[in-house]
Amino acid sequence: MLFLPIIILALVQGITEFLPISSSGHLVLMHWLLEGNEASNNYTQNHLMDIAVHVGTLFAVLLYFREDVAKLFMGFFGFFSKGKDKNKKLTSSVIVASIPVILAGALLHNFQPDFMNSLMVIAIANIVFAVLLYISDRVKVASRTSETLSLKEALFIGVMQSLALIPGTSRSGVTMTAGRFLGLSRAEAARFSLLLAIIAIGGAGTLGIYDVAQGGDATFGMEVALAAFIAFIAAYIAIILMMRWLEKATFTPFVLYRILFGIILIALIQTGTLG
């Protein structure tokens with residue numbers, strides 16, 4: 001793969017992964033724009049590149065939320081001790097919320113349905129879930145923190161997260177939507193969503209690497225390392241800017257962007273510009 005497409009894909013993934021605007025939808029679209037109908041023939045190499053940029057974004061969230069990651073580890077090891085650990089509740093919520101997407105992802109991994117690469121599905125999902133994000137952001141004043149979530153509420157967010165396996169849904173967007181409906185502040189909804197990303201991206205990346213290794217026809221080289229590094233830098237900057245924005249503003253710009261993105265995508269499909 002040429003270096004320019006690598007840079008474009010890495011930047012797109014890094015910028016969109018943690019914003020509520022569907023990184024998977026943007027990646028599929030970029031593969032179509034860069035390769036046309038050849039995208040399906042280059043599945044293995046494209047899949048490897050997608051894994052690389054996802055791993056890059058994973059390191060970004062680990063770095064930004066390093067203090068919370070430490071709390072999650074302390075909470076996990078606290079399960080094996082008799083004393084009380086204030087981090088156990090957050091760790092429990094993250095684990096419980098991750099179970100549905102792990103199960104759904106494993107099931108989907110075995111079937112690989114055609115809709116996973118459907119541009120029309122991406123367009124419609126962007127519009128539908130953008131509207132839900134807008135409603136959740138307006139339904140009530142919310143100021144709860146992630147530590148106040150019950151396991152039942154965490155499971156609800158987890159079930160919603162599993163919907164993100166539909167391309168165009170946006171894992172970040174749908175989990176933030178669920179958090180807002182449960183009364184989390186905007187920044188806290190984003191924080192919990194990004195903590196869930198550690199397990200979601202880590203699990204998906206592990207499965208992807210296993211697939212590529214089994215296939216034996218892709219090379220882990222300089223291109224892959226470059227893609228991961230660029231995605232890491234872009235994602236880290238995007239997280240900083242998004243968290244600062246959500247401390248004082250709403251999700252409305254993301255909602256409007258997704259609706260416009262979906263409408264433009266539908267128009268391009270209907271006119272035959274995109275297949």
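This is a working chat about a predicted model of one protein.

User: What secondary structure does the protein have, helices or strands?

Analyst: The protein has eleven helices and zero strands. From the N terminus on, the order is α-α-α-α-α-α-α-α-α-α-α.

User: How much of the protein is buried?

Analyst: Of its 275 residues, 49% count as buried. The accessible surface comes to about 13200 Å². Carbon and sulfur atoms account for 70% of that surface.

User: And the contacts, what share join residues at least 24 apart?

Analyst: The share is 80%, taken among contacts between residues at least 6 apart in sequence.

User: On to the core. Which residues in the largest nonpolar core touch the most other members?

Analyst: Phe18, Val61, Phe192, Leu194, Ile239 and Met242 do, in a core of 44 residues. Helix α9, residues 186–215, gives the most to this core, with ten residues.

User: What does valine 61 touch?

Analyst: Valine 61 touches Phe18, Leu194, Ile198 and Ile239, leaving out residues up to four places away in sequence. Another core, of 14 residues, lies apart from the largest one. Its members include Leu27, Ala52, Ala227 and Ala231.

User: Which residues line the second largest pocket?

Analyst: The lining is Val69, Leu72, Phe73, Phe76, Thr91, Val94, Ile95, Leu195, Ile198 and Ile199. Helices α4 (66–78), α5 (88–111) and α9 each supply at least two of the lining residues. α4 gives the most, with four.

User: Now α7. Why does its length agree with what a helix should span?

Analyst: Helix α7 covers residues 151–162, which is twelve residues. At 1.5 Å a residue, they should span 16 Å. The end C-alpha atoms are 16 Å apart, so the two agree.

User: Which residues of α7 are buried?

Analyst: Glu153, Ala154, Ile157, Gly158, Met160, Gln161 and Ser162 are the buried ones.

User: Why does glutamine 161 count as buried?

Analyst: Because its relative accessible area is 1%, and the cut-off for buried is under 20%.

User: What is glutamine 161 in contact with?

Analyst: Leaving aside neighbours within four places in sequence, the contacts are Ala97, Ser98, Val101, Arg171, Val174, Thr175, Leu196 and Ala200. Take Thr175: it sits 14 residues along the chain from glutamine 161, and their C-alpha atoms are separated by 5.5 Å.

User: Where is serine 150 found?

Analyst: Serine 150 is in the loop between α6 (119–138) and α7.

User: Is serine 150 buried or partly exposed, and why?

Analyst: Serine 150 counts as partly exposed, because its relative accessibility is 28%. The band for that label runs between 20% and 50%.

User: What does serine 150 touch?

Analyst: Lys89 and Arg144, not counting residues up to four places away in sequence. Leucine 90 is 60 residues from serine 150 in sequence, with 9.5 Å between their C-alpha atoms.

User: Last topic, α11. How many residues does helix α11 have?

Analyst: α11 has 19, residues 252–270. Its first and last C-alpha are 27 Å apart, close to the 27 Å expected at 1.5 Å a residue.

User: Which of the α11 residues are buried, and what do they pack against?

Analyst: Thr252, Phe254, Val255, Arg258, Phe261, Gly262, Leu265 and Ile269 are buried. These buried residues pack against α2 (23–35), α6, α8 (171–181) and α10 (222–246).

User: Which glycine follows α11?

Analyst: Glycine 272, with a positive phi near 85 degrees.

Definitions and conventions: Residues are numbered from 1 along each chain as its sequence is written. This is a predicted model: local features need pLDDT of at least 70, side-chain atom pairs count only at pLDDT 80 or more; totals for chains, interfaces and linings use all residues. Side-chain values use heavy atoms; hydrogens and water are left out. A nonpolar core is a set of buried Ala, Val, Leu, Ile, Met, Phe, Trp, Tyr and Cys residues joined through side-chain atoms within 4.5 Å. Buried means under 20% relative accessible area, exposed over 50%, partly exposed in between (1.4 Å probe, protein chains only). Contact means heavy atoms within 4.5 Å. Accessible areas come from the Shrake-Rupley method with a 1.4 Å probe; for residues, only the protein chains shown count as cover. The expected span of a helix is 1.5 Å times one less than its number of residues. On a 1 Å grid over the protein atoms alone, a cavity is a set of points where a 1.4 Å probe fits but cannot get out, and a pocket is an open set with protein on both sides within 12 Å along at least five of seven lines; lining residues have an atom within 4 Å of a point.
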